[in-house]
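Q: Could you walk me through this structure, please? I am new to it and will ask as we go.

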Amino acid sequence: MQMGRLFTMALALVAASAVVSCSDDNNDNPEPTPQPDPEVTYKGNVAYSKGILFNNGTELGNGSQHFHFTGEATLAKGSYLLKGWVYVESGARLIIPAGTVIKGDKQTMAALIVEPGGYVEMRGTKDQPIVMTSEQAPGQRRPGDWGGLIICGNARNNQEHMQIEGGPTTIHGGTDDADNSGIYQYVRIEFAGYPFDTDKEINGLTMGSVGSATTIDHIQVSYSNDDSFEWFGGSVNCNYLVAYKGWDDDFDTDNGFSGRVEYCLAVRDPRIADTSQSNGFESDNNAGGAETTPFTSALFSHVTLIGPMTAKNTDFVNSSDFITAGQLFPDNGSKLGKFQAALQIRRGSKLGTSHLLAVGFPIGLIVDGEKGNTVKYAQNGKLTFDNILFAGMGIIASDKNKLYEDHLYDFATGVEDPNQQSYSHTFFSSIPSNAIATEASLGLTDPAGVGQNYCPTTEISDGKGGYIGAFRNAADNWLAGWTNFDPQNTIY
């Protein structure tokens, strides 16, 4: 029996593929468990779990296992049901072809976890993207229906070795910034982020210490129950990312992430925000703001953030009376909250942003000085923050987390002065390439039918031959073909 077929016992092939089939346990109200158990390990040509042999059978036990894949496999193109937590171990190699659909099992909170040293190739195409989505029927899919995709590597982070967020046992981090965890291109990740415990959700795409030899581009994360994208350290470069109607932050960077990320679109649902206050960007060096190296110093360029307060959302109110998640509320313990900032840079982060357009957030920018030296870095010119255009903001800036007032709040001195402009506003305005506009003046359109205007009819010039935002103009729509903005109703 080939190892490739063994892996289908963990991915439980459904009717669309003829290699192996598996039952589809569909439970709309699963009882949460801390993490799957017992362990399953592949040994030669069979898999054992506490004496239970899985060989040519069509069932995969009770679906409450960890699966440790240690071989090499190339799956046939088809539709698969992912059950439990599948770890692609160090030295293992898994290839998932273009056009494949992987449905995450809700009952077992399924997740695919690439361990440091593991290699996964998910090389979709524009015409045949790879889709990782909920197993629930069309119209019944919700954020957090399954776990998500986790990629871990051996690049540096500023804690040396870390356990990945969300519950899996994976430890990531090392010294190889050129580490290679695989190829991930033209992939959609939908309805991920099951909350295994309080504040322990897997993100849509979680990256832990992923190295620069890894390829990540053309990834859409839709309706994640936590952050859409989160990086914990690492040096991987990413391009063409779409965060669509996530629960918490769109792009979250922590623990020394130093990669370069270009061409990003985020679109918010005005009725979905997290109890922690949702941001377009949330960036920390580490939880305490300590000056540990490497610093979070990633550079994001050519970004468009479409917030909840745009002209199309005429009834928006930033309160729990309005933010209800509507028909997408998962009733899984996740808590709703308010929207906050397009960018919150804090806790010693040196995150850089360039050629960014942000529209319709309650707050444009927070340079947060509560912990760490981010304010000092801004004052000393160590934050790259150029060609930023804000439009339709409630206020341009604030100095404090969860403070919706544009006045000075200096954590270093304890001074709070409602008669002075916030330092964050002063910092934004001190950079000549930054600007404030009205949404109406931007000429934004919606060529992909997203429901929000995001693509300019003509380029928003930076005055130097370049442009601001994720798209040069209406003809420059890199979303065409591979994205999906109605995954609730898609028949897979």
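Q: Where is the place of Pro-294?
A: Pro-294 sits in the loop between strand 25 (281–283) and strand 26. Strands here are DSSP runs of E with at least two residues, helices are runs of H or I with at least four, and both are numbered from the N terminus. This is a predicted model, in which local features need pLDDT of at least 70 and side-chain atom pairs count only at pLDDT 80 or more, while totals for chains, interfaces and linings use all residues. Residues are numbered from 1 along each chain as its sequence is written, and side-chain values use heavy atoms, with hydrogens and water left out.

Q: What kind of peptide bond joins Thr-293 and Pro-294?
A: A cis peptide bond, with omega at about -5°.

Q: And what is phi of Lys-245?
A: Phi of Lys-245 is near 55°, which is a positive value in a residue other than glycine. Lys-245 belongs to the loop between strand 22 (238–244) and strand 23.

Q: Does Lys-245 count as buried or exposed?
A: Lys-245 counts as buried, at 17% relative accessibility. Buried means under 20% relative accessible area, exposed means over 50%, and partly exposed is in between, with a 1.4 Å probe and protein chains only.

Q: What about Tyr-263, where does it lie?
A: Tyr-263 lies in strand 24 (residues 260–267). Phi of Tyr-263 is also a positive value in a residue other than glycine, near 70°. Tyr-263 counts as buried, at 17% relative accessibility.

Q: Changing topic: how many helices and strands has the chain?
A: The chain has 3 helices and 36 strands. Of its 492 residues, 62% count as buried.

Q: What share of the contacts is between residues 24 or more positions apart?
A: Such residues account for 70% of the contacts in the chain with a separation of 6 or more. Contact means heavy atoms within 4.5 Å.

Q: How many aromatic pairs are there?
A: A search of the whole structure finds 24 aromatic pairs. Rings of Phe, Tyr and Trp (its six-membered ring) pair if their centres lie within 6.5 Å; planes under 30 degrees apart count as stacked, over 60 as edge-to-face and the rest as tilted. One of the pairs is Trp-231 with Phe-300, which is edge-to-face at 5.5 Å centre to centre and 80° between the planes.

Q: Which parts does that pair tie together?
A: Trp-231 lies in strand 21 and Phe-300 in strand 26 (residues 299–306), so the pair ties together parts that are 69 residues apart in sequence. Both Trp-231 and Phe-300 are buried.

Q: Why is the pair of Phe-251 and Phe-300 tilted?
A: The ring centres of Phe-251 and Phe-300 are 6.1 Å apart and their planes are at 50°, so the pair is tilted. Because Phe-251 lies in strand 23 and Phe-300 in strand 26, this pair ties together parts that are 49 residues apart in sequence.

Q: Which residues form one aromatic cluster?
A: Phe-229, Trp-231, Phe-251, Phe-257, Phe-281 and Phe-300 form one aromatic cluster.

Q: Last one: which residues of helix 3 are buried?
A: In helix 3, the buried residues include Tyr-423, Ser-424, His-425, Phe-427 and Phe-428.
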